[in-house]
Amino acid sequence: MLPARFEYHRPETLEEALALLDQYAEDAKVLAGGMSFIPLMKLRFASPGHLVDINRIPELSGISESGGRLIVKAVTRDNDIAGSDLIRARYPAMATAAPLIADPIVRNMGTIGGSLAHADPAGDWGSVMLALGAGVVARSSGGERVIAIDDLFMSTFTTTLQANEILTEIRIPSPPSRSGGTYLKLERKVGDFATVGVAVALHLDNGHVGRAGIALTSVGPRNIQAREAEASLAGAEPTAPAFAEAARLAAQAAQPVSDLRGSAEYKRNVVEVFTRRGLARALELAQA
Amino acid sequence: MATDATEIRGLGHRVKRKEDDRFIRGKGTYVDDIKLPGMLHMAILRSPLAHAKINSIDTSRAAALPGVVAVVTGELLAEYNLAWMPTLSYDTQAVLATDKVRFQGQEVAAVVAEDPYTAKDALELIDVDYEPLEAIVSPQRALEADAPVIRDDKEGQTGNAIYHWEAGDKEATDKAFGEADVVVSLDTFYPRCHPAPLETCGCVADVNPATGQATIYMTSQAPHAHRTVFALVAGLPEENIRIVSPDIGGGFGNKVPIYPGYVAATAASLVLGRPVKWIEDRSENLISTGFARDFHMHGELALKRDGTMLGLRTHLLSDNGAFFADAQPSKFKAGLFHIVTGSYDLPAAHVAADGAYTNKAPGGVAYRCSFRVTEASYLIERLVQNAAYELGLDPAELRLKNFIKSDQFPYSSPTGFVYDSGDYHAAMNLALEKIGYDDLRKEQAEARAQGKLYGVGLASFTEVVGAGPHKDYDILGLKMFDSAELRIHPTGKAILKIGVQTQGQGHETTFAQIVAEELGIQPEDVLVQHGDTDNTPYGLGTYASRSTPTGGAATAMVSRKVREKARKIAAHLLEVSEEDVEFAHGSFSVKGAPDRAKTIGEVAFAAYTNFPDGMEPGLEDVHYYDPPNMTYPFGTYVVAVEVDPETGQWTVRRMVAVDDCGVRINPMIVEGQIHGGLTEGFGIAAMQLITFDEGGNCIGSNFIDYLIPTAWETPRFETHETVTPSPHHPIGAKGVGESATVGSPAAYVNAVIDALSHLGIRNIDMPLTKGKVWEAIQAAGGTSKEAGS
Amino acid sequence: MEITVTVNGTERTADVEPRLLLAHLLREVFGLTGTHIGCDTTNCGACVVLVDGTPVKSCTMFGVQADGRSVTTVEGLMSDGQLHPIQAAFKEEHGLQCGFCTPGMMLTAAALLDQNPSPTDDEVRWAISGSICRCTGYMNIVKAVQAAGRAAMAEQDEPADKPAAAS
């Protein structure tokens, strides 16, 4: 299939982009990497009348750390995140996840902001951001607001972003010392969406778990934060039985459906296995 | 690379491919690269429903779209008697649906427009009123008495049965089973998958309104046969039809059938007087073109307690889709499935096969299956593996015990094949040695003690290829010979025109090597032409690994004819009698006086400038080769896997492949064919699946869900060979294109089953997805008896 | 919409609909048919080209997005009539059969070798895992990429007046 007609706009500044969204509102769509959206257009599952290409707005890409947090601009490519020394050193959940997204060529174009705004429950970044307790900045011509990541995702392909808002940056709290994290993804082959993905982040406080973040990909109508599993670990000793219990709770939090990628029972099992393995890995990094 | 400058690079040489020069520069000419003046673009509207009556089709909105030149429906085609066309299996298939749609994705209408984007836009403007009917998605349901009749277009059709076919001796087999100590039984489903060559199907149909000549550029594995069928279907005189297969981006059997798109495009070009291009999307390719497999198989193997095989009985139920369009020799309704006795000296065997219509795309014989040999090989190798477990014998030992011995060839099988040559023991022993089989078994035992799941899987296959002798082999009546035409130019170079059709197998190099071997003209001096029906001798094309057995044989034979004439000319030049001339390494010399010689180049020049009195000038000939028998490549594959019990993920640790395809023309190309086939076998065993939900919706009709392995999933292969020439083939070669796809799925599956065999698991149907493997482990109670699930 | 794209070093202009895919811009408008289309879901990699040196699936980008940028297709791999080491290596190592995936594979490999001239087997397989080949089983593609890396490094080590790598 080939896409339907649309009008194309390539603003050079954020203000221009926001003005276009004010003008065309529901009939406009923001284009970042396009790796999720253009395939939908080709299948004619989406046919916006206007496409607002934000790839040439310089202030919308970059990685930096300041004020106790990592700031990743929305139009930062997956491969740039994967190749970032800063992220590899201090944000292992992100560093592990980035190379597992889609395939190496798609990652040259795909962006973290685009992924989050797309809100595919099979999106890997969503779970990583939930586990890290991130927030996003949404800009409109009227100003900006910060949205906690859990409040960004409403349902499948649905966020709380308004039609005239652009997600401009992602803010991840800088981890305290003695922290670790990882992302495990079961896929049928490279390039497939996750059958199951589990993002884990934790830090140690005096040898006990301070905060744990556990979030799940592809096992619900949106990325799922496994709150009970997280709560079971808060303040707990990082032992195998504690991790096993958290894993069990994470599996309970999952709402998988049976499909070609596997039965619901199988997916729940993988959530449990990956949560357990993920916690062990995160602990290993935290204790290193 | 240092080579002897005078060494003739014929058989056995790793000659670099001549065709690569254009491909590495991006200068190949695939069908979609062809642009003709005034060319229009066609897009096809396809049915969203699997089974439905068509109440009406309204094309007015589409026809009114600026840029649309015509909208074609079945009703329009019917005026030209083109709404239906014959299939390669003597059935009929709708070109564009008239009364009903019979599978999801079936062609309903075609838009012809000035550009492809407009054509796609117009598809959305065609309104079809469907009345849904029950969708039949299983052959079992299809054969029930109360199932709706899918092919109610055929007069007298009262059900959905297509054929019943048998081979072998039922009585002798029943008797053998009566004497068995053990009968091992297996029900297994070889699921529907799809060849999915990277280039989809398509054509540019160019009917010249002034001359009535039709040139059809087409993704065709069999241009001559297609031309004949086009002549019959379209009523165009055959001499006015020229089919050109340019470069083809992979075939694997997908480009053997004639598709409605080709016919609709040709009809459109005929009516509109302009060239019409039709190139299908990948989704169209997967949902509507020739799929593969879809066999529900039941097998029983009768053995003595000591492992001696006594008999084999098999039944298969074939899901053929909505039209019987198998591309296979017409005498054999289930292809060559009756090779199912495989490499074993089975005294008695019986095959029963039933085919049924369902509401799915038509096809079944494709994807490097050698006409269903893949399915047969899978069944027997899975049965033998399970028999080993049943009897407590090592799977390699059980095979070695029952292999046909090398001194039994030519071997008459209980289902009517005469195997030409083989040495199955040598291939097996080499494979076991190379993989270190005994060490793997030790390792497996140690791993099991630690709760780790290691498995070793074997498959020994015997293929039957090279269709085929005229007595038994034809497609739509066309006998399955092949041909070669060779001319030597005055300057000593040559042009070889062949009737087979490469889609990546390297014929431009390998066939030149055959000429080199016979005549001493280097491969780079032999231009190989194929694919244009105006310029090549009649052949049946390339599929089922037949090119080397038939076309390669024709090439050797025509080279020898040319050599015989060259000898006469050489005798004339050397002023001796013919009997005194001998030929070696491109040179004709006088017996006993070797420095009195003429090169093939000098002889070639003389054929035009200095030929003997009374001799016809020139140096060329043509040969049509009707093979006396099929050829029987064989081999043994061994796979070592590890299974992760927590996720069901299985990983190939090592894979050793020993292949015997007789004389190997170009070992580099042979290895490449094996790598490709082992990868396809892996994909089929692990992930490739086309399936349907209850409503007949096709799942797996795009590359998101139809999973082709990338370099990351694909195992690394260790390839080895034995060489057992074919005694009846002019150069002793057997063909190899499909061996690895035929033989390897069972090897991978046997490996995973072997890893789980101690849990009592005996079967998991392909594809062995992680989920299915995990579920099988759970159903068996987990990996340790104490573990709860 | 009028756009200007530098294709294989030459500035080309065209007036195109925004919805025209980059792959079609290259194939149909600029006549460079070496870039192929093998699927409709961004999976197969037959359409890979380099945009400003980075491999991109040209079937999932609009031609207008390449306005003002530089695109390298397979036709641009040769320079001064000499094959790029990756092209020579693909032929030498039998890294292609039907040739349909080959342009995308070679461009992806060329970009890899620019970053990592001596990749391991795993690194090559990872880098090309966005592309599908149906014919070769990848074994010889991996060999070709590694051989090209070695050849390119050897060329750099050799004095300038030695003949270039064999074509």
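## An exposed tyrosine

B:Tyr90 is exposed, with a relative accessible area of 53%. The cut-off for exposed is over 50%, so this residue qualifies. The model is a predicted one.

B:Tyr90 sits in a loop of chain B, between β4 (84–86) and β5 (92–94). The phi of B:Tyr90 is near 60 degrees. That value is positive, and the residue is not a glycine. Most residues other than glycine have a negative phi.

## A partly exposed asparagine

Chain C has a residue with a positive phi too: C:Asn8, at about 50 degrees. C:Asn8 is not a glycine. Where does C:Asn8 lie? C:Asn8 is in the loop between β1 (2–7) and β2 (10–15) of chain C.

Is C:Asn8 exposed, partly exposed or buried? C:Asn8 is partly exposed, with a relative accessible area of 26%. Buried means under 20% and exposed means over 50%, so C:Asn8 falls in between.

## Two cis peptide bonds

Now turn to the backbone of chain B. Most peptide bonds are trans. The bond from B:Phe409 to B:Pro410 is cis, with omega near -5 degrees. B:Pro410 belongs to the loop between α11 (395–402) and β19 (411–412) of chain B.

The peptide bond from B:Met766 to B:Pro767 is also cis. Its omega is near -10 degrees.

Definitions and conventions
Residues are numbered from 1 along each chain as its sequence is written. Chains are lettered from A and ligands numbered from 1 in the order in which they are written. This is a predicted model: local features need pLDDT of at least 70, side-chain atom pairs count only at pLDDT 80 or more; totals for chains, interfaces and linings use all residues. Side-chain values use heavy atoms; hydrogens and water are left out. Helices (H or I, at least four residues) and strands (E, at least two) are DSSP runs, numbered from the N terminus. Buried means under 20% relative accessible area, exposed over 50%, partly exposed in between (1.4 Å probe, protein chains only).
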